[in-house]
Amino acid sequence: MTQGKGFGFGLGKMKELAAAIQKAQQVQEGAKKLQEDLEKMDIEGQAAGGAVRVIMSGTQEPRRVEISPDLLSEGAEVLSDLVTAAMRDAYQKSTATMRERMEELTGSLNVPGLS
């Protein structure tokens with residue numbers, strides 16, 4: 001064995017490993033905070049110009065559905081379609097919010113493969 005080669009894991013590699021572990025801890029802490037923030041958010045989806053509103057958390061937990069009294073005479077099928085459209089809108093907004101926040105988190109840490 002030649003001097004300085006050892007098992008291929010010199011002091012420089014230890015510093016890289018320590019830095020990688022520190023970044024992993026930062027990602028973990030950031031992800032926990034992100035999860036907490038998303039759980040507190042209200043994200044609204046709409047249909048029929050806001051006459052049907054679905055509110056869910058940033059983690060896509062349904063919170064409530066609001067339907068304008070003016071739509072109650074439209075019938076069950078129409079209301080069902082409008083609620084579904086509002087749910088889809090809220091889901092898409094929630095997914096986009098999660099993606100943006102995760103990109104902000106991983107991008108600020110400059111973690112290769114995550115940003």
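## Terms and model

A salt bridge is a side-chain nitrogen of Lys or Arg within 4 Å of a carboxyl oxygen of Asp or Glu. The side chains of Glu44 and Arg53 meet that criterion, at 2.6 Å from N to O.

This is a predicted model: local features need pLDDT of at least 70, side-chain atom pairs count only at pLDDT 80 or more, and totals for chains, interfaces and linings use all residues. Residues are numbered from 1 along each chain as its sequence is written, and side-chain values use heavy atoms, with hydrogens and water left out.

## Overall fold

The chain holds two helices and three strands. Their order from the N terminus is α-β-β-β-α. Both kinds of element are DSSP runs numbered from the N terminus: helices are H or I with at least four residues, strands are E with at least two.

The chain has 115 residues, and 24% of them count as buried. Buried means under 20% relative accessible area, exposed means over 50%, and partly exposed lies in between (1.4 Å probe, protein chains only).

A contact means heavy atoms within 4.5 Å. Among contacts in the chain with a separation of 6 or more, 49% join residues 24 or more positions apart.

## The sheet

Three strands form an open sheet in the order E1-E2-E3, with antiparallel pairing. Strand E1 (43–47) and strand E3 (62–67) are the edge strands, each pairing on one side only. On average, neighbouring strands of this sheet are turned by 15° against each other, direction ignored. For such angles, axes are lines fitted to C-alpha atoms, for helices over the stretch in contact, and values run from 0 to 180 degrees between N-to-C directions.

E2 and E3 run antiparallel and are joined by five bridges. Two strands pair if DSSP finds at least two bridges between them. Opposite Val52 stands Ile67 in E3.

## The nonpolar core

A nonpolar core is a set of buried Ala, Val, Leu, Ile, Met, Phe, Trp, Tyr and Cys residues joined through side-chain atoms within 4.5 Å. The largest one here has eleven residues: Ala47, Ala51, Val52, Val54, Met56, Leu71, Leu79, Leu82, Val83, Ala86 and Ala90. H2 gives the largest share, five residues.

Ala51 is one member of this core. Beyond its neighbours within four places in sequence, Ala51 is in contact with Glu66, Ile67, Ser68 and Leu71.

## Salt bridges

The whole structure has six salt bridges. One joins Arg64 and Glu66, at 2.8 Å from N to O. Glu44, Arg53, Arg64 and Glu66 are linked in a network of salt bridges. How exposed are its members? Glu44 is partly exposed, at 24% relative accessible area, and Arg53 is partly exposed at 25%. Arg64 is partly exposed at 39%, and Glu66 is partly exposed at 27%.

Another salt bridge lies between Lys93 and Asp89, whose closest N and O atoms are 3.3 Å apart. Lys93 and Asp89 are four residues apart in helix H2, so about one helical turn separates them. Lys93 is partly exposed, with 37% relative accessibility.
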